[in-house]
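Please read the following walk through a single protein chain with the sequence and the coordinates at hand.

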Amino acid sequence: MTKILKVALKEFFGMFIDDGALALAALLLIAIVGVLVKFAHVDALLAAALLLFGCPLILAESVGRAARKKFQRK
């Protein structure tokens with residue numbers, strides 16, 4: 001029964017989050033920028049720039065990782 005539940009939960013989360021590492025990295029970036037703004041008093045413009053440049057870097061790393069996996073399978 002627990003195996004069925006694990007498979008069901010994996011499929012459920014797979015509908016929303018296909019790449020867990022990508023989602024985790026994006027959430028970490030947002031959390032870090034939020035902490036910097038709140039406690040380190042980082043300027044909002046700098047925080048926006050960190051998000052603007054950080055998100056595409058995270059996405060590029062994810063695409064590179066997926067491409068490496070695809071070519072390793074062949």
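The model is predicted. Its protein chain has a mean pLDDT of 89, and 99% of the residues reach 70 or more.

Helix α1 covers residues 2–16. With 15 residues, α1 reaches 22 Å from its first C-alpha to its last, close to the 21 Å expected at 1.5 Å a residue. How many of its residues are buried? The count is 0 of the 15, so far as burial under 20% relative accessible area is concerned. Helix α1 is thus hardly covered.

Helix α2 runs over residues 20–39. It has 20 residues, and the distance from its first C-alpha to its last is 28 Å, close to the expected 28 Å at 1.5 Å a residue. At its N-terminal end, α2 is capped by D19, which has a side-chain oxygen 3.3 Å from the backbone nitrogen of A21. G20 also belongs to helix α2. G20 counts as partly exposed because its relative accessibility is 42%.

Helix α3 spans residues 44–73. Its 30 residues reach 44 Å from the first C-alpha to the last, close to the 44 Å expected at 1.5 Å a residue. Which residues of α3 are buried? They are A47, G54, I58, S62 and R65, and what covers the buried residues of α3 includes α2. A49 lies in helix α3 too, but A49 is partly exposed, with a relative accessible area of 27%.

In an unreviewed entry, UniProt lists residues 21–39 and 45–64 under "transmembrane region". In the model, residues 21–39 are 100% helix and 0% strand, with the end C-alpha atoms 26 Å apart. Residues 45–64 are likewise 100% helix and 0% strand, and the end C-alpha atoms of this span lie 29 Å apart.

Two pairs of positions give a sense of distance along the chain. G20 and D43 are 23 residues apart in sequence, and their C-alpha atoms are 30 Å apart in space. A49 and F13 are 36 residues apart in sequence, with 30 Å between their C-alpha atoms.

Next comes the connection after α2. H41 sits in the loop between α2 and α3. Just after α2, H41 takes a positive phi of about 55°, and H41 is a residue other than glycine. Is H41 buried or exposed? H41 is exposed, because its relative accessible area is 67%, above the cut-off of 50%.

S62 lies in helix α3 and counts as buried because its relative accessibility is 8%, under the cut-off of 20%. Leaving aside neighbours within four places in sequence, S62 is in contact with D19 and L22. D19 is also the residue that caps the N-terminal end of α2.

By the rule applied here, the count comes to 2 salt bridges. Side chains of opposite charge can pair when their charged atoms come close. In one of the bridges, the side chains of R65 and D19 meet at 3.2 Å, N to O. This pair links distant parts of the chain: R65 is in helix α3, D19 is in the loop between α1 and α2, and the two are 46 residues apart. D19 counts as partly exposed because its relative accessibility is 21%, whereas R65 is among the buried residues of α3.

E61 also forms a salt bridge with R65, and the closest N and O atoms are 3.2 Å apart. Why are E61 and R65 separated by about one helical turn? They are 4 residues apart in helix α3, which means a separation of about one turn. An α-helix has 3.6 residues a turn, so residues three or four places apart point the same way. E61 counts as partly exposed because its relative accessibility is 41%.

Taken together, D19, E61 and R65 are linked in a network of salt bridges.

Methods. Residues are numbered from 1 along each chain as its sequence is written. This is a predicted model: local features need pLDDT of at least 70, side-chain atom pairs count only at pLDDT 80 or more; totals for chains, interfaces and linings use all residues. Side-chain values use heavy atoms; hydrogens and water are left out. UniProt positions are given in the numbering used here, feature names are shortened, and annotations may be inferred rather than shown by experiment. Buried means under 20% relative accessible area, exposed over 50%, partly exposed in between (1.4 Å probe, protein chains only). The expected span of a helix is 1.5 Å times one less than its number of residues. Contact means heavy atoms within 4.5 Å. A polar contact is a pair of N or O atoms within 3.5 Å; within protein, one must be able to donate a hydrogen and the other to accept it, and residues adjacent in sequence count only if both atoms are side-chain atoms. A salt bridge is a side-chain nitrogen of Lys or Arg within 4 Å of a carboxyl oxygen of Asp or Glu. pLDDT is the predictor's confidence in each residue, from 0 to 100.
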